[in-house]
Amino acid sequence: MSRIGIFTCWCGENIARTVDVEKVAKAVAQIPGVRCSVHYKYMCSDPGQSMIREKIASERLDALVVASCSPHMHLKTFRKAASLAGINPYLVEMANVREHCSWVHHDQEKATGKAIELIRMSVEKVRRNHSLQPIKVPVTKRALVIGGGVAGIQAALDIADAGHEVVLVEREPSIGGKMAGLSETFPTLDCSQCILTPRMVEVGQHPLIRLYSYSEVQSVEGYVGNFKITIRQKARYVDVDKCTGCGECWNVCPLKKNLSEFDFGMGYRRAIYVPFPQAVPARPVIDKNACTKLKKNGCGLCEKKCLAKAINYKDQDKIVEVSVGAVVVATGYQLYQITQDQANSRLSGYGEYGYGRYKDVIDSLQFERLVSASGPTGGVVKRPSDGAIPKTVVFISCVGSRDNAKGLSYCSKICCMYTAKHTMLYKHKVHEGQAHVFYMDIRSGGKNYDEFVRRAIEQDGARYYRGRVSKITEENGKLIVRGADTLAGVSLTVQADMVVLAAAMRPAKGAEELAQKLGIGYDEFGFFSESHPKLRPVETNAAGVFICGACHAPKDIPEAVAQASAAAGKVQVMFGHAEMTREPEIAMINEQTCAACFSCVHTCPYHAIEKAEIRTPKGALVKRTARVNPGLCMGCGTCVSVCPSKSADLEGFSEEQIYSMVESLV
Amino acid sequence: MSEVISASALRELMRDWLRQGKQVFGPRQVKPGLVLYTRLTDPEQLLVSGFIHPSNSPKEFVFPRHEVIYSYRFEGKDLQLLDAPDSFPEQIVLAVRPCDAAALPILDKLFNWDFQDEFYNRRRQATTVVTLACLSHDDSCFCTSVGLGPADPRGSDAMLLPAQDDEFEVRPFTEKGEASFSGVTRTSSKQAGTPSGPAKKFDAGQVRTYLSENFEGPIWHDETLHCLGCGACAYTCPTCHCFDIVDEGNAAGGIRAKNWDSCQFPIFSLHASGHNPRSTQPQRQRQRLTHKFQIYPEKFGDILCTGCGNCTRNCPVNLGVLNVLEAMKNGQPL
Amino acid sequence: MIESLRATCRRLLETGTAQVVIGYGQADPGKAVHPVFIRRPEDADQLTWNDQCYPNLVAYLKRKEVQSLGKAAIVVKGCDERGLIVLERESQIDRGSLYVIGIVCGGVGNPKLDKCKSCGAHRPRFANEILGESSLLQDGVGQKWQALEEFLTKSPSQRMAYWQNEFSRCLKCYACRQVCPMCYCERCLVDKNRPTCIDTSPTLKGNFAWHITRAFHLAGRCIGCDECTRVCPVGIDLRLLNQSLAKAAEEQFGYRAGMDPQAEPLIGSYSLQDKDGFIG
Amino acid sequence: MSVPQTFEPKIVAFVCNWCTYLGADLAGTNRLEYPANVRIIRLPCTGRIDFNLIIKAFELNADAVLVSGCHPGDCHYTTGNYHARRRWMLFRELLSTLGFDLNRIHFTWISAAEGKKWQQVITEITEKTREMGPYPYLAIPDASVSTVDHGESTA
């Protein structure tokens with residue numbers, strides 16, 4: 001590049017206050033290869049940009065350096081301006097003379113000198129830039145949605161309604177997720193199933209949605225626009241297509257005493273069962289650990305009863321391969337398993353609450369089933385131990401949340417709200433009953449949320465104590481709850497019939513393994529990481545993989561749904577074009593000099609480099625070489641550092657560019 | 001009758017030279033088992049016995065391995081050229097082996113036959129070469145096979161021949177040599193014996209014929225396949241003189257320099273197209289041998305080899321000019 | 001022992017197991033030992049074995065001229081064999097098509113080289129065939145890093161002065177690179193311009209850049225054959241640099257190049273446990 | 001060593017685009033003042049920062065070099081900084097054996113949120129380096145490396 005234009009910005013006073021912009025513009029004009037050097041109040045403004053375009057034309061510039069703010073702020077802006085004037089956008093570099101200079105230095109002479117050097121560096125770099133064309137990747141217009149809870153359902157339906165095929169994978173026998181088990185939802189107290197089940201049916205019937213229930217994602221290959229997904233369909237022992245869901249089979253199954261997963265152990269199911277009446281698909285599954293036929297070749301009643309001949313005891317796991325262009329992850333959450341999770345060193349606490357030891361100490365999801373009209377007790381609040389109606393119920397919030405010592409540092413966000421809801425639902429069912437709540441803070445931000453909590457306290461008379469419970473013991477059928485009311489400054493003991501623990505929200509089991517398969521990031525707790533907390537909240541670091549719902553962080557239904565639609569929207573943007581374009585600033589291999597040690601193949605975080613062979617037309621092997629897959633490369637440049645012969649290089653940050661920048665610092 | 005100088009007087013003379021600001025070079029024990037021609041800053045550093053041949057050659061005192069030929073600096077948009085220094089202090093290279101000294105007249109021709117290399121010539125003019133005749137030799141030595149010998153005067157301004165009682169007979173051959181030792185020697189009745197060199201190992205004429213007839217002969221592949229392609233032979237050879245021109249610089253300016261190069265490096269003959277006319281190591285070895293014993297003699301008259309044996313001594317895999325020449329003689333591979 | 005070596009060589013060539021046997025040869029007992037490439041059974045008698053067999057012949061496997069001779073058999077000492085393992089890990093050799101004649105080695109040199117005193121691999125482990133059972137040298141205890149540890153008693157500025165001294169002698173003849181079995185790049189970084197990462201000039205600057213690069217490119221790869229040090233015509237003790245990295249690899253990562261064929265390359269892999277106390 | 005009154009250390013910082021560069025941006029946004037001696041070279045990831053670059057910076061008379069990127073676990077490219085960390089662990093050993101002044105080369109993790117840390121790090125490095133004076137990485141300037149002047153080996 002020999003006709004470089006330099007455009008130095010005042011940024012109003014922001015730069016000009018400490019950097020002598022005119023002096024800078026004059027000085028850098030002297031750099032060899034610089035054709036023109038001008039300055040202006042606001043380069044990013046319309047007049048500023050049109051000034052750039054005019055100069056490009058009048059001076060026949062072939063590369064630009066804009067000395068203004070951080071490239072993170074305006075590089076895209078100026079690249080666009082350049083391309084409008086017919087210059088390849090990748091022939092534009094910025095010198096950050098604001099964030100890295102004028103804003104952090106007060107000595108005008110030094111700041112001005114530094115600005116000149118920063119610009120010289122950028123000039124030396126841009127001199128060696130290459131014109132680059134965005135990389136086009138063909139897109140398979142089919143999406144994979146992992147998880148059939150409310151978020152997954154929302155995302156699947158949005159994408160399908162936009163006219164794109166969706167493959168929905170759900171681990172459980174039915175979609176619906178946690179929400180299907182909830183009684184009523186805050187702050188409106190409308191019945192959860194009444195809202196959700198129609199959506200579930202829509203999914204089941206949608207011509208563009210292929211549902212794989214009782215299935216898991218086994219492996220993920222390929223890259224954005226072109227993923228190859230392997231799905232394992234777990235053996236169901238029931239042919240979903242033949243089965244009519246008539247129910248004969250489970251009605252005759254003699255094994256009645258299997259704890260129901262759907263009821264969180266509060267109720268029972270048969271060995272062959274549908275998790276709940278409104279299940280989608282409304283098809284049973286056989287629990288191979290319970291069924292006597294599968295265990296010791298006994299029984300076999302269900303097969304005899306089945307007119308559709310849908311029962312198949314020889315059923316095996318099936319492997320299905322699908323190719324998709326995008327993935328939406330909506331794997332949701334699980335509750336902090338108060339007894340089981342103690343194995344995990346970080347989660348050491350809460351033995352003192354006697355969960356698992358005292359039958360009548362239950363967690364919040366179990367309580368949801370207890371108050372649910374479709375629950376094991378038909379919506380009558382009976383305590384597990386003796387089926388008596390509890391007259392006093394203690395609700396403890398923040399069990400595991402906001403507790404660095406024994407639990408998890410974060411706030412599970414929804415517990416305050418559902419605990420308030422629980423006290424109300426309880427009161428509505430047991431009018432003479434009294435609800436007591438031990439809380440740390442009440443976090444009720446959200447539309448009509450605080451009003452809702454106030455209602456629980458003021459109308460439904462829940463007693464709220466700001467304080468922790470230190471111990472729960474059992475004395476002749478009563479649970480003695482010892483705690484503190486820090487506002488009253490007294491210690492406090494409640495004799496309760498039942499205790500409900502608002503346990504923390506944690507990522508679903510296997511979240512980290514899935515993240516590794518997908519190559520997306522996750523935090524110390526296993527929640528998936530978005531690629532930018534503000535601006536890219538549903539994207540991940542793996543192009544084409546989006547996240548929504550509680551797998552990202554604790555959140556309530558409206559948020560999960562909103563995020564799901566956002567993810568679906570992102571997928572639709574991708575599917576809006578036959579090809580998607582990717583940043584061309586990626587790695588390249590000089591295949592002539594590559595020694596084929598494949599260190600880069602080893603190191604690449606994205607498995608974007610493959611072993612390749614160069615052969616003559618006749619097929620004789622000339623040499624082996626590493627080769628970059630432009631669809632996968634994210635441009636980190638780690639390959640460049642590990643390449644001993646520097647046959648690997650990175651567009652946009654090439655060896656020549658970087659060395660010349662260093663060499664300009666003499 | 002002869003002129004002699006005692007070892008102590010010689011060191012005294014060195015001291016004078018150093019005092020006069022002359023640069024003095026000579027063999028020196030750099031570390032156990034390693035003798036190199038180096039710059040000497042103290043007469044005690046001079047080594048005059050107990051070694052056959054230093055691992056390097058004195059050519060670099062007139063033909064440095066790295067020599068800046070000019071530098072440049074950016075002044076704004078224009079470029080300022082700066083000449084490299086081309087005047088050099090007077091220097092005396094002491095106790096040089098006759099084989100190494102004999103290489104200098106050979107190099108003189110190379111650096112002056114078409115273009116006159118001022119850097120070389122000025123250094124050469126500033127240099128006085130005082131050789132030290134060889135009393136012993138090793139298997140690698142073959143000066144006698146290329147028409148030289150342990151006390152051959154070629155390239156010497158003066159020669160020291162070890163005599164009895166820690167004395168050296170001084171034989172000046174040029175005015176420079178005369179001047180260097182005038183007034184510091186004493187006349188002695190003793191005469192240093194003429195040392196005997198290694199037995200003749202091959203006939204240079206036959207070698208030349210062989211080369212002209214065996215360009216495609218099997219000997220190259222058979223004898224030189226184990227050459228690793230390093231430059232240890234060329235860089236310690238007193239006559240090898242290939243160089244490369246490199247530019248090294250940055251945004252402020254830079255230099256253009258002349259660096260040693262070796263025909264044994266694969267990239268020595270690599271074309272920009274990627275084609276390499278000498279693509280295998282045997283071909284590069286053939287080039288080296290042919291250049292030394294056929295091409296150079298045909299062009300300049302001299303064999304481009306003085307039999308110092310450094311190529312054999314310094315070869316990582318015991319390959320040297322001599323092994324190949326001997327293989328030619330008895331016509332069959334080792 | 002030499003006879004069985006020659007017999008093996010004959011057998012391999014006659015049966016066509018190999019088209020060339022890379023070994024050590026000697027014109028006659030007095031003469032110097034050098035690498036030979038035996039292609040005809042009748043030449044097998046050129047092969048020899050003694051304590052002058054210094055070169056690591058593995059270095060020849062990377063050479064096109066040698067590759068063009070066809071299927072190879074190679075004579076290796078236990079230490080040389082470590083080179084084969086690294087090269088295989090770096091997909092430079094196809095171990096399947098290579099016949100390895102391992103020689104149990106009592107150490108080379110007279111007196112024995114330092115590396116032999118703490119070798120730990122006198123007996124090849126993965127060779128197709130193992131010859132000789134020379135009385136094994138006892139591995140010297142604690143001798144392994146002796147040279148390095150002595151050197152490290154110097155102060156940093158003394159060390160810098162030492163290396164400036166040493167590198168000022170470097171001719172850039174690249175014997176260290178050419179003799180190294182691990183240096184197989186077709187275009188060495190030092191020969192790359194645009195940009196010039198390493199000045200080619202044999203100036204102190206260029207020499208430092210070269211030797212730092214050479215040593216670091218061997219991090220986790222150097223098998224300690226010390227050939228670079230043996231062949232340096234101006235006696236630069238490159239072993240110290242290689243050892244400082246080998247020692248770090250062993251002490252910080254429990255890693256020894258070329259010992260475990262399954263081991264992940266040291267550079268190119270990572271562990272969450274890697275210590276970063278030095279990172280602020 | 002005599003330090004000229006006007007000595008202003010030259011500090012070259014190789015930083016990753018996603019954490020430290022943004023951290024430096026944040027320092028700017030928050031107007032956190034620090035010495036003007038640092039020159040930032042932006043690379044996508046610490047994984048891209050090669051030891052040859054560090055040497056080159058010293059060759060060009062950098063008085064100190066800073067290499068900085070995302071904290072472990074935060075890498076924008078998931079593992080680039082882990083690879084970098086391992087390389088640095090080994091590279092420091094080599095530099096130490098060569099007698100490099102390890103007070104001249106600094107490694108830090110600075111996140112996009114740590115503008116304050118950037119300010120502190122740069123201030124500390126600048127002041128420390130100012131005290132130490134210039135760093136002629138090769139005390140013998142090239143010109144005087146007479147190829148014919150072989151010093152006595154101290155080995």
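Visitor: How do you know that strand 3 and strand 4 of chain D pair?

Guide: In this predicted model, five bridges join strand 3 (residues 64-69) of chain D to strand 4 of chain D, and the two run parallel. Pairing asks for at least two bridges, so five bridges make strand 3 and strand 4 of chain D a pair.

Visitor: Which residue of strand 4 of chain D is the bridge partner of Gly69(D)?

Guide: That partner is Trp109(D).

Visitor: What is the order of the strands in the sheet of chain D?

Guide: The order is 2-1-3-4, in an open sheet of four strands with parallel pairing.

Visitor: Why do strand 2 and strand 4 of chain D stand at the edges?

Guide: Strand 2 (38-43) and strand 4 (105-109) of chain D each have a single partner strand, so one side of each has no neighbour in the sheet. From one strand to the next, the twist averages 20°.

Visitor: Which strands of chain D does helix 1 lie across?

Guide: Helix 1 (residues 20-29) of chain D lies across strand 1 (11-16), strand 2 and strand 3, and runs at about 115° to strand 1 of chain D.

Visitor: How many residues does each chain give to the contact between chain D and chain C?

Guide: Chain D gives 38 residues and chain C gives 40 residues. On the chain D side, helix 2 (51-59), helix 3 (80-98) and strand 4 each supply at least two residues. Helix 3 of chain D has the largest share, 13 residues.

Visitor: What classes of residue make up the side of chain D that touches chain C?

Guide: That side of chain D has 16 nonpolar, twelve polar and ten charged residues.

Key
Residues numbered from 1 in each chain as written. Chains lettered and ligands numbered in written order. Predicted model: local features only at pLDDT ≥ 70, side-chain atom pairs only at ≥ 80, totals over all residues. Axes fitted to C-alpha atoms, helices over the stretch in contact; angles between N-to-C directions. Contact = placed C-beta atoms within 7 Å. Nonpolar A, V, L, I, M, F, W, Y, C, P; charged D, E, K, R; others polar.
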